[in-house]
Amino acid sequence: RIPFFPEFDFNDQYQIFTKDTVRNVGEIFGPYLQVNVDGTLEETERTTTTTPKRYKANINDGQLCFFNNTDKNCLSLPISGEGLFDG
């Protein structure tokens, strides 16, 4: 959510996972304007076999993308940090 910016019903927010990466996607004006935040993904306790498990996301890149999210239509954003979540 962007402060002081209207929230449109057609916007979506979601995450895309691979085995060791995560991408957070937040649409600002549908698929025509969105923010992507990328990072690596790792389990914090690899020996635990029960769920939920705790994961750490090391955020290392961000982009503001226009018109269907092709790399040539994206501007780099200075985003980095660490996040924890259970999954």
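## Salt bridges, rings and a disulfide

The structure holds four salt bridges. The model is a predicted one.

### Charged pairs

Begin with arginine 23 and aspartate 38. Their side chains meet in a salt bridge, with N and O 2.6 Å apart. Arginine 23 lies in strand E2 and aspartate 38 in strand E3, so this bridge ties together parts 15 residues apart in sequence. Are the two partners buried or exposed? Arginine 23 is partly exposed, at 22% relative accessibility. Aspartate 38 is buried, because its relative accessible area is 14%, and the cut-off for buried is under 20%.

Next come aspartate 86 and arginine 54. They form a salt bridge whose closest N and O atoms are 2.9 Å apart. Aspartate 86 belongs to strand E6, residues 81–86, and arginine 54 to strand E4, residues 54–66, so the pair ties together parts 32 residues apart in sequence. Aspartate 86 counts as partly exposed, with 44% relative accessibility. Arginine 54 is partly exposed too, with 40%.

Lysine 56 and glutamate 82 make another bridge. Here the closest N and O atoms are 4.0 Å apart. This pair links distant parts of the chain: lysine 56 sits in strand E4 and glutamate 82 in strand E6, 26 residues apart. Glutamate 82 is exposed, with a relative accessible area of 55%.

The table sets out these bridges.

| Pair | Closest N to O distance |
|---|---|
| Aspartate 86 and arginine 54 | 2.9 Å |
| Lysine 56 and glutamate 82 | 4.0 Å |

### Aromatic rings

How many aromatic pairs are there? The count comes to five. One of them joins phenylalanine 8 and phenylalanine 10. Their ring centres are 5.2 Å apart and their planes meet at 10°, so the pair is stacked. The cut-off for stacked is under 30 degrees. Phenylalanine 8 is partly exposed, at 26% relative accessibility. Phenylalanine 10 is also partly exposed, with a relative accessible area of 47%.

Another pair is phenylalanine 17 with phenylalanine 85. The ring centres lie 6.0 Å apart and the planes are at 45°, so this pair is tilted. Phenylalanine 17 is in strand E1, residues 13–17, and phenylalanine 85 is in strand E6, so the pair ties together parts 68 residues apart in sequence. Phenylalanine 17 has a relative accessible area of 41% and is partly exposed. Phenylalanine 85 counts as partly exposed at 25%.

Which residues do ring pairs link into a cluster? They are Phe8, Phe10 and Phe29. Phenylalanine 29 is found in the loop between strand E2 (21–27) and strand E3 (33–43). At 42% relative accessibility, phenylalanine 29 counts as partly exposed.

### The disulfide

A search of the whole structure finds one disulfide. It is formed by cysteine 65 and cysteine 74, with their sulfur atoms 2.1 Å apart. A disulfide is a covalent bond between the sulfur atoms of two cysteines. Why is this one called right-handed? The torsion about the S-S bond of cysteine 65 and cysteine 74 is about 110°, so the disulfide is right-handed. Both cysteine 65 and cysteine 74 are buried.

### Single residues

Asparagine 73 lies in the loop between E4 and strand E5 (74–77). Asparagine 73 is partly exposed, with a relative accessible area of 26%. How far is its C-alpha atom from that of threonine 49? The two C-alpha atoms are separated by 41 Å. Along the chain, asparagine 73 and threonine 49 are 24 residues apart.

Glutamine 34 is found in strand E3. Glutamine 34 is buried, with a relative accessible area of 4%. Its side chain has a polar partner. A polar contact of 3.2 Å joins the side chains of glutamine 34 and asparagine 36.

Definitions and conventions. Residues numbered from 1 in each chain as written. Predicted model: local features only at pLDDT ≥ 70, side-chain atom pairs only at ≥ 80, totals over all residues. Heavy atoms only, no water. Helix = DSSP H or I, 4+ residues; strand = E, 2+ residues; numbered from the N terminus. Buried < 20%, exposed > 50% of the residue type's maximum accessible area, 1.4 Å probe, protein only. Polar contact = N/O pair within 3.5 Å; in protein donor to acceptor, adjacent residues only side chain to side chain. Phe/Tyr/Trp six-rings, centres within 6.5 Å; stacked < 30°, edge-to-face > 60°. Disulfide = S-S within 2.5 Å.
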